[in-house]
Amino acid sequence: MKKSFIETKPESHFPIQNLPYGIFKVTGQRPRVGTAIGDYVLDLSLIEQAGLLDGTGVEGKNIFSSPSLNPFMALGRSVWSSVRSKLQYLLDENTSILRDDNNFRVQAFHRMEDVTMLLPAEIGDYTDFYASKEHATNVGTMFRGKDNALMPNWTHLPIGYHGRASSIVPSGTPVRRPLGQRKPKDSDYPVFGPCTQLDFELEIGWFIGPGNNLGEPIPVQQAEDHVFGLVLVNDWSARDIQAWEYQPLGPFLAKNFATSISPWVLPLEALEPFRTAGPKQEPEPLPYLQQGKNGSFTINLEVYLTPENTGKETRITKTNFNYMYWSIAQQVAHHTITGCNIRPGDMQASGTISGPHREERGSMLELSWRGTQPVQLNGGGERSWIEDGDTLTISGWCQGDGYRIGFGEVSGQILPAHSETNVTGNEAAVKI
Ligand code: CA
């Protein structure tokens with residue numbers, strides 16, 4: 001098995017087999033591109049400037065001094081693959097170039113705790129799908145009853161909506177509970193105030209590399225050439241706001257206040273050993289959605305909730321990405337079949353990842369069955385929804401033979417809502 005001179009433990013998310021890309025910042029310096037190896041971040045701008053990536057297709061471009069991955073994402077699969085091979089060579093235990101150059105190593109390697117991770121890309125557009133049959137069935141059952149759970153279109157096309165790119169934040173960013181309208185069951189009128197049913201959604205997102213020209217769809221067989229890599233996503237959701245606003249056009253304010261992502265983007269190439277078939281698709285999709293190869297990946301996913309007062313974490317979800325019904329390639333093909341153009345740095349996400357068992361549900365809505373079956377917490381207490389001060393953390397990894405390819409985590413703590421009068425500036429307006 002390939003090993004680096006930077007030692008990694010078997011449970012480390014960042015062995016030489018991974019080499020994800022991210023944007024890091026050291027105090028007093030400009031943000032730039034790095035890769036994660038063990039407990040370190042390797043400054044790729046220095047590797048590039050030293051000429052060590054010459055011959056890969058990035059030379060002369062200063063691509064890793066950029067404060068976003070967009071320019072690198074735009075270069076496409078053959079350049080990504082060459083850079084990745086070169087980095088694996090440079091970090092190999094048998095390659096002396098970096099291993100034996102102490103002066104260079106001191107400058108180029110930073111301990112992870114000494115850097116701040118930023119958003120990996122300037123995200124132009126964000127689209128969120130709804131690709132888990134279990135999730136769609138659970139939500140449909142709760143909102144419309146068992147007989148009408150799955151809408152007739154669901155098994156024919158990947159359902160999605162255009163999300164909000166401006167409020168995507170990196171892991172560690174606190175999230176403020178939103179204010180909004182909700183309509184209590186026993187009332188004819190809506191009320192205004194802090195969200196009372198705050199939720200998370202466990203998802204996987206992918207960043208788009210090269211885009212397509214307006215008017216030219218991306219065929220499903222070529223769709224993965226447009227996918228740079230994957231991140232963990234928490235699509236924070238205000239269920240009470242959503243229930244009142246979602247008809248007839250779908251979620252709006254219930255989803256636009258924050259979406260958290262993990263900072264390291266895992267190259268699709270790193271995930272190849274974990275490629276697998278998704279669930280059987282019945283009925284057979286229309287020809288433009290027939291991928292013709294295994295389109296899913298086996299990725300272990302866990303969600304932890306940690307209340308501020310006890311500080312004790314509880315694992316509330318344990319599931320897998322390979323439950324997802326629609327594949328990444330099918331979703332990219334469907335997104336662009338109209339000729340809609342997608343661009344480098346765009347983010348798309350899978351939708352909530354739920355499995356068939358209770359502990360595999362990827363949202364509080366499903367875990368607590370809309371508040372009727374609260375989740376018991378280690379250290380006492382229970383949760384139907386997320387409370388102020390709670391920290392929600394998602395972790396994900398692929399388990400290889402003696403190594404892991406991991407995402408690290410995406411984490412966020414909930415802050416109390418703003419005072420209603422401060423926000424509206426009008427005390428009367430609060431009492432709608
Ligand atoms: Ca979602």
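Predicted model: local features only at pLDDT ≥ 70, side-chain atom pairs only at ≥ 80, totals over all residues.
The volume of the largest cavity is about 70 Å³. Its lining is formed by Y21, R77, W80, S81, R84, F228, P267, L268 and E269. Two helices, α3 (77-91) and α8 (268-271), each contribute at least two residues to this lining, and the largest share, four residues, is supplied by α3. By class, five of the lining residues are nonpolar, one is polar and three are charged. The largest cavity lies between domain 1 (21-118) and domain 2 (126-429), because both domains give residues to its lining.

Open spaces were also identified. The largest pocket holds about 670 Å³ of space. Two or more residues of its lining come from each of β6, α6 (133-144), β7 and α7 (239-245). The lining comprises 30 residues, and those nearest the centre of the pocket are Y130, I159, Q242, Y246 and P251. Helix α6 makes the greatest contribution to the lining of the largest pocket, with five residues. The lining of the largest pocket consists of 16 nonpolar, seven polar and seven charged residues.

The second largest pocket contains about 360 Å³ of space. Its lining is made up of F143, R182, K183, P184, K185, Q197, R239, D240, A243, W244, L365 and R370. Helix α7 provides the largest share of this lining, four residues. Five residues in the lining of the second largest pocket are nonpolar, one is polar and six are charged.

Helix α9, which spans residues 328-336, is mostly covered, and nine of its nine residues are buried. These buried residues are I328, A329, Q330, Q331, V332, A333, H334, H335 and T336. They pack against five strands, namely β6 (126-129), β7, β13 (202-208), β14 (227-234) and β22 (347-349).

Residue A165 was examined individually. A165 is located in the loop between β7 (160-162) and β8 (168-170). The relative accessible area of A165 is 16%, and the residue is therefore classed as buried, the cut-off being under 20%. When neighbours within four places in sequence are left aside, the contacts of A165 are with I123, G124, D125 and Y126. A separation of 28 Å was computed between the C-alpha atoms of A165 and E360, which are 195 residues apart along the chain.

Cysteine residues were considered next. A disulfide is a covalent bond between the sulfur atoms of two cysteines. In the whole structure, zero disulfides were found. Two cysteines may be described by their accessibility. C195 has a relative accessibility of 3% and is therefore counted as buried. C340, in turn, has a relative accessibility of 24%; because this value lies between the limits of 20% and 50%, C340 is counted as partly exposed.

Note on methods. Residues numbered from 1 in each chain as written. Heavy atoms only, no water. Buried < 20%, exposed > 50% of the residue type's maximum accessible area, 1.4 Å probe, protein only. Contact = heavy atoms within 4.5 Å. Disulfide = S-S within 2.5 Å. 1 Å grid on protein atoms, 1.4 Å probe; cavity = no way out; pocket = protein on both sides within 12 Å on 5 of 7 lines; lining within 4 Å. Points joined across faces, edges and corners; volume = space filled by probe spheres on them. Nonpolar A, V, L, I, M, F, W, Y, C, P; charged D, E, K, R; others polar. Domains from an automatic or database assignment.
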